[in-house]
Amino acid sequence: MHSVEQRQFFRDGNQGERMNTQLGLRSLFVLTALYLLAASASGQTVADQDRQMADKIFKNIQVLRGLTVDEFMGTMGFIAASLSMNCIDCHVASSASDVTKFAEDTPVKQTARKMILMVKSINVANFGGNQTVTCYSCHRGSERPKAIPSLADQYGTPPPEDPDEVEIQGAQGAGALSEDQILDKYIQALGGAQHLVELTSFVAKGSYEGFDTDGDKVPVEIFAKAPNQRTTVVHLPEGDSIRSYDGRSGWMTSTGTLLPLPVLELTGGDLDGGRLDALISFPAQIKQALTGWRTGFPSTSIDDNAVDVVQGTSPDNTPVKLYFDKKSGLLVRLVRYTDTAIGLNPTQIDYSDYRDVAGVKIPFHWVVTWTDGRSTTELSSVQPNLQIDPSKFSKPSPPPRRVAAP
């Protein structure tokens with residue numbers, strides 16, 4: 001949920017892969033690191049930092065004022081993804097080696113400020129201040145919007161519509177399955193409600209590959225306990241990267257990033273994402289995980305397989321879309337969104353290679369794609385119904401840093 005200042009910004013009208021990725025992501029971490037270092041120097045606690053506004057921490061913010069640091073960084077990711085640019089495409093090139101240079105003005109930054117104000121005025125004048133028009137509306141992943149109609153697009157093969165687009169309005173189509181029918185089919189496809197209830201925990205091992213592994217596969221462990229606890233430990237060469245959710249709160253260690261704090265508390269969309277990941281591990285109560293369920297979306301397919309689509313609303317009032325294979329009934333994709341000052345940032349998780357574990361089908365392969373990068377997890381083993389030390393889901397201790405081998 002947004003602060004009062006953020007809500008006023010939205011009402012007044014507003015106005016990251018595609019970041020070209022590792023450089024863009026690490027630049028975002030650098031900016032956040034500056035904020036944390038500034039707070040640390042003033043003797044503030046982590047709770048104090050969460051309350052700080054970006055325009056009080058960063059220098060030379062002229063338009064995107066009244067936002068928290070988290071919201072500000074998400075907004076930067078939204079711009080980067082909308083234009084398929086990374087951080088130094090807007091900021092001076094020397095920012096990559098000197099983080100103080102991010103505050104310097106460039107012609108591109110000055111243009112971006114004008115565009116944000118333009119989009120804000122369009123939304124206020126025509127759409128009641130709602131974020132109907134965004135950077136992506138015109139740019140569509142290009143640095144410059146197209147001004148001339150394309151005959152190739154008109155008479156050639158048009159690009160496919162994005163199946164992850166959020167449907168805000170509309171009623172259930174005639175003959176479409178209801179959300180209850182689709183979710184009940186999913187429960188049966190996994191093994192049935194009784195088997196789901198009998199799976200109370202699991203420990204999994206496998207491999208992980210992502211922006212923080214430089215293309216290499218590294219070991220990963222996952223600890224999960226019903227109904228909603230989950231911890232992932234990625235064993236990076238420089239130390240363990242841990243992401244945990246204990247049923248109410250979530251944390252991640254900063255190993256593999258440039259953040260100066262060893263353990264960060266998850267908030268907002270990141271916290272809600274941790275909650276949803278944990279619930280999907282034990283989906284017997286999936287109907288209660290979200291509210292405002294609706295279906296009846298246009299027919300679509302994933303990897304040439306027809307899917308049923310259901311959309312719900314998360315506790316932070318952002319949409320979540322789930323895609324179920326029409327034949328198997330299994331979940332093949334989940335898309336959740338984080339609200340920013342100028343639009344919604346999507347995170348997509350694709351599930352595959354379901355295998356039977358204690359009578360329940362569990363995905364052994366998934367790919368997470370977001371505006372700052374992509375990661376792939378492949379499991380090699382899953383041990384069901386083990387006793388797991390409760391401390392596994394607690395706030396992780398700062399892991400010792402190891403020096404990666406040259």
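**View 1. Val357 sits in strand β12, which spans residues 343-357.** Helices (H or I, at least four residues) and strands (E, at least two) are DSSP runs, numbered from the N terminus. Residues are numbered from 1 along each chain as its sequence is written, and the model is a predicted one, in which local features need pLDDT of at least 70, side-chain atom pairs count only at pLDDT 80 or more, and totals for chains, interfaces and linings use all residues. Side-chain values use heavy atoms, with hydrogens and water left out. Is Val357 buried or exposed? Val357 counts as buried, because its relative accessibility is 6%; buried means under 20% relative accessible area, exposed over 50%, and partly exposed in between (1.4 Å probe, protein chains only). Leaving aside neighbours within four places in sequence, Val357 is in contact (heavy atoms within 4.5 Å) with Ile362, Phe364, Val382 and Pro384. From Val357 to Phe202 the C-alpha atoms are 9.4 Å apart, although 155 residues separate the two in sequence.

**View 2. Here we look into the largest nonpolar core, with its 38 residues.** A nonpolar core is a set of buried Ala, Val, Leu, Ile, Met, Phe, Trp, Tyr and Cys residues joined through side-chain atoms within 4.5 Å. Phe202, Leu322, Phe324, Leu331, Tyr351 and Val382 touch the most other members. Helix α10 (residues 179-190) supplies the largest share of this core, six residues. A second, separate core has 19 residues, including Met76, Met85, Ile116 and Ala341. In soluble globular proteins, nonpolar side chains tend to be buried together.

**View 3. Asp180 and Lys287 form a salt bridge, their closest N and O atoms being 3.5 Å apart.** The two residues come from distant parts of the chain, Asp180 from helix α10 and Lys287 from helix α13 (residues 286-289), 107 residues apart. A salt bridge is a side-chain nitrogen of Lys or Arg within 4 Å of a carboxyl oxygen of Asp or Glu. Asp180 is partly exposed at 42% relative accessibility, and Lys287 is partly exposed at 29%. Asp184 joins Asp180 and Lys287 in a network of salt bridges. How many salt bridges does a search of the whole structure find? The search finds nine.

**View 4. Lys217 meets Glu378 in another salt bridge, with 3.0 Å between the closest N and O atoms.** Lys217 belongs to the loop between β1 (201-209) and β2 (218-225) and Glu378 to strand β14 (residues 373-384), so the pair ties together parts 161 residues apart in sequence. Lys217 is exposed, with a relative accessible area of 53%, whereas Glu378 is partly exposed at 31%.

**View 5. Tyr186 and Phe324 bring their rings together as a tilted pair.** Their centres are 5.0 Å apart and their planes are at 55 degrees. Rings of Phe, Tyr and Trp (its six-membered ring) pair if their centres lie within 6.5 Å; planes under 30 degrees apart count as stacked, over 60 as edge-to-face and the rest as tilted. Tyr186 lies in helix α10 and Phe324 in strand β10, so the pair ties together parts that are 138 residues apart in sequence. Tyr186 is buried at 2% relative accessible area, and Phe324 is buried at 1%. By this rule the count comes to three aromatic pairs.
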